[in-house]
Each structure stands twice: as structure tokens, then as C-alpha cells.
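Subject: Structure handover

Hello,

Here is the structure I promised to pass on. Please open it first, then read the notes below it.

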Amino acid sequence: MNGNDLENIIEAVLFVAGDPVGISDLAAALEADPLEVSRAADEMARKRKEQGSGIQVLRLGDSLQLCSNADYSGYIEKALRPVKKTRLSQSLLETLAIVAYKQPITRFEIEQIRGVKCNYSVAALIESGLIVRAGRKKALGNPMLYATGDEFLRHFGISSLEELPALPEIREDGA
Amino acid sequence: MEGDDYRVQIRQFEGPLDLLLHLINRARISIEDIFVSEVTGQYLEYVSSMGRLSMDGASEFLQMAALLVYIKSRMILPFEDEEDFGDEGDPEQLLIESLKTYKMYRDACEALRGFEEKGSRVYYRLPEEIAFSGERIEIEDVSLCALSEAYKDVLSRKPDGGAERIEEVEISREIYTIRERAKFILSRLSGVNCSTFFSMFAEGRTRMEVAVTFVALLELIHESIVTIKQEGHFGDIYITRLKEEAV
């Protein structure tokens with residue numbers, strides 16, 4: 001199996017899967033080295049991006065998924081009228097931003113930063129898969145810890161948390 | 001109504017820190033200068049104007065108000081210089097710190113909004129529905145006749161000799177989709193720009209047809225493609241097109 005075969009096979013599997021497929025699962029099924037699969041996927045993603053192909057390869061952490069090219073969203077919306085994804089409300093986004101930068105974090109710690117109760121926001125974010133439970137903190141009462149989930153990467157169209165902009169510095173002028 | 005105004009106002013702010021940042025911004029001062037500005041006074045004014053608002057939503061605002069009054073009072077009254085705050089630290093500095101931290105995440109939110117917009121333009125497909133075969137069952141040396149005999153045998157074991165029939169239920173295909181109905185509504189609006197909901201249906205309409213068309217109409221309103229007017233309950237709905245869309 002040469003690199004080209006590998007790319008084509010990965011593409012076919014991803015097309016049928018629809019959902020994200022783990023690189024390790026792909027490697028096991030193709031009896032290939034995970035690193036090789038990862039490299040082939042990157043190459044495939046690069047080519048498709050370069051060609052401006054309608055279908056792009058999205059990397060979500062250690063998973064791969066096919067998605068439509070964002071540049072053509074206008075045409076998709078005209079042709080198919082898909083249900084528009086809703087923007088997160090300000091309170092959900094604030095809560096999510098804190099989890100994204102401070103994960104794993106407890107709800108109490110989030111509330112400390114926001115200065116308001118966050119029961120609802122945390123529950124809603126879990127419901128949507130944007131955050132997930134990530135064990136319990138070894139502290140009084142063993143509070144639940146939260147971290148971002150795969151859906152977080154998908155919602156913001158990024159491949160890993162490292163793509164997030166660095167947290168703005170605390171500016172002394174407070175402007 | 002007075003009470004309703006407060007409700008709208010409080011909805012605008014995510015909490016006391018949000019409100020304080022808003023006031024600081026409006027006063028064009030830096031966070032450090034909060035206690036030598038009008039901001040704390042404005043905050044207290046705002047909270048007292050919240051008036052009859054339910055305590056549920058207002059408790060965090062009131063807690064902050066109490067803290068601000070406490071800090072202000074400390075500044076006015078002569079205190080010993082070396083006041084002991086225990087592990088907590090100076091409440092004034094603590095508040096300034098939490099305002100800064102909160103502001104940092106608020107700024108991060110704005111950056112995330114940009115990513116969110118980009119992410120919302122990407123679409124995915126649903127998984128292919130494939131009946132993946134599980135374990136294979138190998139049957140050897142069995143003729144069709146033997147299978148048929150075995151089947152009869154099973155049926156005959158039932159008390160009524162297999163005469164019992166499962167009641168037949170006809171499941172008709174759903175022929176109406178929201179997307180198709182939305183197109184239909186728009187097609188009825190082409191050229192005329194105004195039509196009525198009742199006129200969308202022929203004599204032999206079905207309940208499903210009316211229901212799906214109605215949902216499609218709601219979807220079009222939601223997308224600001226059409227607007228509606230209705231004169232009283234159960235009256236006809238007048239549908240007017242707002243903008244041109246490719247159908």
C-alpha cells in the first residue's frame with residue numbers, strides 16, 4: 001500500500017463514516033502505522049485545501065472528519081436550506097471560554113471568575129457536547145472537573161486547542 | 001411597564017462584574033481607578049433601581065453592592081494602617097483582580113466569536129446508514145424442505161396452530177418535508193408577493209400536509225424571508241415575502 005492508496009482509502013472510510021473517525025482506529029483497520037495514517041491524512045487535507053475542493057478534511061484532535069468547504073457555505077445554504085447553527089449566548093460563551101483556557105476546572109472556579117452562578121450554562125454546554133466531565137478534583141467534596149469536548153473544536157472550526165488565540169494579557173490601563 | 005423595564009435592563013448584564021466593567025468603560029477610566037470614580041455610586045444607583053426584581057436574579061448584584069459599600073466605608077473611616085485581612089487579602093485589590101481576570105475572558109470571548117462564525121459555515125454529513133453485518137451464522141447440510149418443515153413445526157407449537165395473525169398496520173411514507181414545503185410556499189408567493197395560508201391547500205389536504213406546511217412557514221418567518229399577519233384567532237394567515245431568495 002503506497003501513500004496514495006492510503007490517502008484514498010482513508011477518504012473512502014471517512015466519507016462513509018460521516019462522523020469523526022479516530023486515527024488509531026483507522027490505522028488498526030488498515031494495518032498501517034498510526035503515524036503513517038496521520039501523515040497521509042495531513043497530505044490529503046493539504047491537497048484538498050490547495051485545490052479549494054468542496055470537501056475538506058478536518059482534523060479534530062486525534063480524529064478525522066470530512067466537511068464542506070466553508071467558502072461555499074453560501075451556495076449550500078441556497079441550495080439546501082440547512083438549519084443554521086445557532087450562535088452561543090453570551091453567558092454560554094463566557095463559561096465556555098473559561099473552561100477552554102483553564103481546563104480542567106470546577107464549576108465553582110468558573111463561578112468565581114464570572115461572579116455569577118453557572119449551573120445552567122455548565123449543564124447546557126454538557127448537553128451540547130461542547131464540554132465534557134473530566135474526572136473529579138482531589139479537593140474538599142471532590143467536585144466535578146470540566147474540559148472541552150470534540151464538539152468544541154468542531155463548533156469553532158479548529159483542529160486543536162493550540163489554535164486558540166493566546167489569552168489576552170491583563171492590561172494595566174484596563175481599557 | 002416599570003417592572004418590565006428593569007427586567008430588560010438586567011438581562012443585558014451577565015452579572016455584577018459585567019455591569020461594573022460596563023460602567024468603567026463608560027466612564028473611560030482604568031479598572032484600578034474604580035474606587036476613586038463615580039462608578040461605585042452608579043452601580044449602587046443601578047442596583048437600587050432594580051427595585052422589585054426577583055431576589056433570585058438580583059442576589060449576586062446585591063452581594064456586590066454590599067461589598068462596594070463596605071470598601072467605600074473603609075476608605076472614609078479612619079482605620080489602622082495594618083489591617084489584618086487574614087488569608088483573603090485586601091478586598092479592594094481582590095475586586096480589582098477579579099475584574100481584570102473577568103475582562104480577560106470577556107476579551108477572549110470576542111476572539112472566539114470570530115472562530116464560531118467560521119465554524120458555522122462548515123457542514124458535515126450524517127453517517128451512512130449501513131447495516132453492518134455482525135457474526136455470520138453458518139448453516140450446513142440443511143435443505144430448503146427441512147427449513148420449511150422446521151418453520152411449520154414452530155408454528156404448530158403455538159396453541160392456536162399458528163392461525164393468529166399480527167394485525168396489519170399500514171405505514172404510509174411521509175411525503176412532506178419542511179424544505180419542500182418551504183419551496184412550495186415561496187413558489188406560491190412568486191409574482192404575487194402576498195398569499196394566504198388557507199389558499200395553499202386543495203380540497204383533499206391531509207393533516208400532515210397542513211402541519212408540515214405550517215412548520216415550514218414558521219421556518220421562513222424565522223429566517224426573515226416572509227412575514228405574516230392574522231386577523232384574530234383561527235383566521236386566515238396572510239403571508240408576505242420580505243426578500244428575494246433563490247428557490
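A definition to start: buried means under 20% relative accessible area, exposed means over 50%, and partly exposed is in between (1.4 Å probe, protein chains only). Helices (H or I, at least four residues) and strands (E, at least two) are DSSP runs, numbered from the N terminus.

This is a predicted model, where local features need pLDDT of at least 70 and side-chain atom pairs count only at pLDDT 80 or more, while totals for chains, interfaces and linings use all residues. Residues are numbered from 1 along each chain as its sequence is written, chains are lettered from A and ligands numbered from 1 in the order in which they are written, and side-chain values use heavy atoms, leaving out hydrogens and water.

**The two chains**

Chain A holds eight helices and six strands. Along the sequence they follow the pattern α-β-α-α-β-β-α-α-β-α-α-β-β-α. Chain A has 175 residues, and 42% of them are buried.

Chain B holds eight helices and three strands. Its elements run α-α-α-α-α-α-α-β-α-β-β from the N terminus on. Of its 247 residues, 32% are buried.

Contact means heavy atoms within 4.5 Å. Take the contacts between residues at least 6 apart in sequence. In chain A, 47% of these join residues at least 24 apart. In chain B, the share is 55%.

**Helix H8 of chain B**

H8(B) has 16 residues. From first C-alpha to last it reaches 23 Å, close to the 22 Å expected at 1.5 Å a residue. The expected span is 1.5 Å times one less than the number of residues.

Which residues of H8(B) are buried? They are B:Glu209, B:Val212, B:Thr213, B:Ala216, B:Leu217 and B:Leu220. They cover an arc of only 150° around the axis, which puts them on the same side of H8(B). The arc is that of the directions from the helix axis to the C-beta atoms. An α-helix has 3.6 residues a turn, so residues three or four places apart point the same way. On the other side of H8(B), B:Arg207 and B:His222 are exposed.

The buried residues of H8(B) pack against H7, S2 and S3 of chain B. B:Ile221 also lies in H8 of chain B. Its relative accessibility is 27%, so B:Ile221 counts as partly exposed. Neighbours within four places in sequence aside, B:Ile221 is in contact with B:Val226 and B:Ile228. B:Ile221 and B:Arg241 are 20 residues apart in sequence, yet 9.4 Å apart in space, C-alpha to C-alpha. Just after H8(B), B:Ser224 takes a positive phi of about 55°.

**Helix H7 of chain B**

H7(B) covers residues 178–189, twelve in number. It reaches 16 Å from first C-alpha to last, close to the 16 Å expected. Its buried residues are B:Arg181, B:Ala182, B:Ile185, B:Leu186 and B:Leu189. Seen down the axis, they fall within an arc of 140°, so they line one face of H7(B). They pack against S1 (194–196), H8 (207–222), S2 (226–230) and S3 (237–241) of chain B. B:Gly191 follows H7(B), with a positive phi near 90°.

**Helices H2 and H5 of chain B**

H2 (residues 16–26) and H5 (residues 91–119) of chain B pack at an angle of about 90°, with their axes 10 Å apart. Angles of 65 to 115 degrees count as roughly perpendicular, and H2(B) and H5(B) are therefore roughly perpendicular to each other. From H2(B), B:Leu17, B:Asp18, B:Leu20, B:Leu21 and B:Ile24 take part. They meet B:Leu95, B:Ser98, B:Leu99, B:Tyr102, B:Lys103 and B:Arg106 in H5(B).

**Loops to look at**

- B:Phe234 sits in the loop between S2 and S3 of chain B. Its phi is positive, about 65°, although it is not a glycine. B:Phe234 is exposed, with a relative accessible area of 78%.
- A:Glu31 sits in the loop between H2 (23–30) and H3 (34–51) of chain A. Phi of A:Glu31 is positive, near 50°. A:Glu31 is exposed at 75% relative accessible area.
- A:Pro104 lies in the loop between H5 (90–102) and S4 (105–106) of chain A. The peptide bond from A:Gln103 to A:Pro104 is cis, with omega near -5°.
- A:Ser128 is in the loop between H7 (119–127) and S5 (131–136) of chain A. It is partly exposed, at 37% relative accessible area.

Best wishes

Conventions:
Axes fitted to C-alpha atoms, helices over the stretch in contact; angles between N-to-C directions. Parallel < 35°, antiparallel > 145°, perpendicular 65-115°, else oblique.
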